[in-house]
Amino acid sequence: MSQEPATGAYVLVIEDNPANQMLIQFTLAASGFEVAVAGSAQEALESMARRAPQLILMDIQLPGQDGLSLTRQLKADPRFMAIPIVALTARAMAGDRELTLEAGCAGYIAKPINTRTIAGEIRAYLEA
Ligand code: MN
């Protein structure tokens, strides 16, 4: 159980597509979240070394180290293993959801992002 209010939570969005970055950042900020964006696994690790987020939104398809690999790495790291990771995936195949769960994600949000529901979905993961 988190002691932090779900709204106002600090969320790191790991996503390489600039349009998706802007859409997610704008939507979550408008709902009261504090948002940081990283465009690659390396940027994400640098950001997290400065400040650990309360939740991570993880694009699976990233240049270089992909989101599944980064998820496994974070879930093996005592500093970060407790942070819920929610996959962002455009791939709708049922087997891909299994891959995200096996890697350690708490769940997934399908792309394209639904700007009317994403904030509520993230609150639910924070309160789970
Ligand atoms: Mn991508």
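Reply: Helix 1 and helix 5 are roughly perpendicular to each other; angles of 65 to 115 degrees count as such, under 35 as roughly parallel, over 145 as roughly antiparallel, and the rest as oblique. The model is predicted, so local features need pLDDT of at least 70 and side-chain atom pairs count only at pLDDT 80 or more, whereas totals for chains, interfaces and linings use all residues. Residues are numbered from 1 along each chain as its sequence is written, and side-chain values use heavy atoms, with hydrogens and water left out.

The axes of helix 1 (residues 18–30) and helix 5 (residues 118–127) come within 9 Å and cross at roughly 70°. Here axes are lines fitted to C-alpha atoms, for helices over the stretch in contact, and angles run from 0 to 180 degrees between N-to-C directions. Helices are DSSP runs of H or I with at least four residues, strands are runs of E with at least two, and both are numbered from the N terminus.

At this crossing, Ile24, Thr27 and Leu28 of helix 1 meet Ile118, Ala119 and Ile122 of helix 5, where contact means heavy atoms within 4.5 Å. Five of the residues in this contact are nonpolar, one is polar and none is charged. In this grouping, Ala, Val, Leu, Ile, Met, Phe, Trp, Tyr, Cys and Pro are nonpolar, Asp, Glu, Lys and Arg are charged, and the others, Gly among them, are polar.

Helix 1 also holds Gln25. This residue is partly exposed, with a relative accessible area of 32%; buried means under 20%, exposed over 50%, and partly exposed in between, using a 1.4 Å probe and protein chains only. Apart from its neighbours within four places in sequence, Gln25 is in contact with Val35 and Val37. Val35 lies ten residues from Gln25 along the chain, and the C-alpha atoms of the two are separated by 6.1 Å.

A cis peptide bond joins Lys111 to Pro112, with omega of about 5°.
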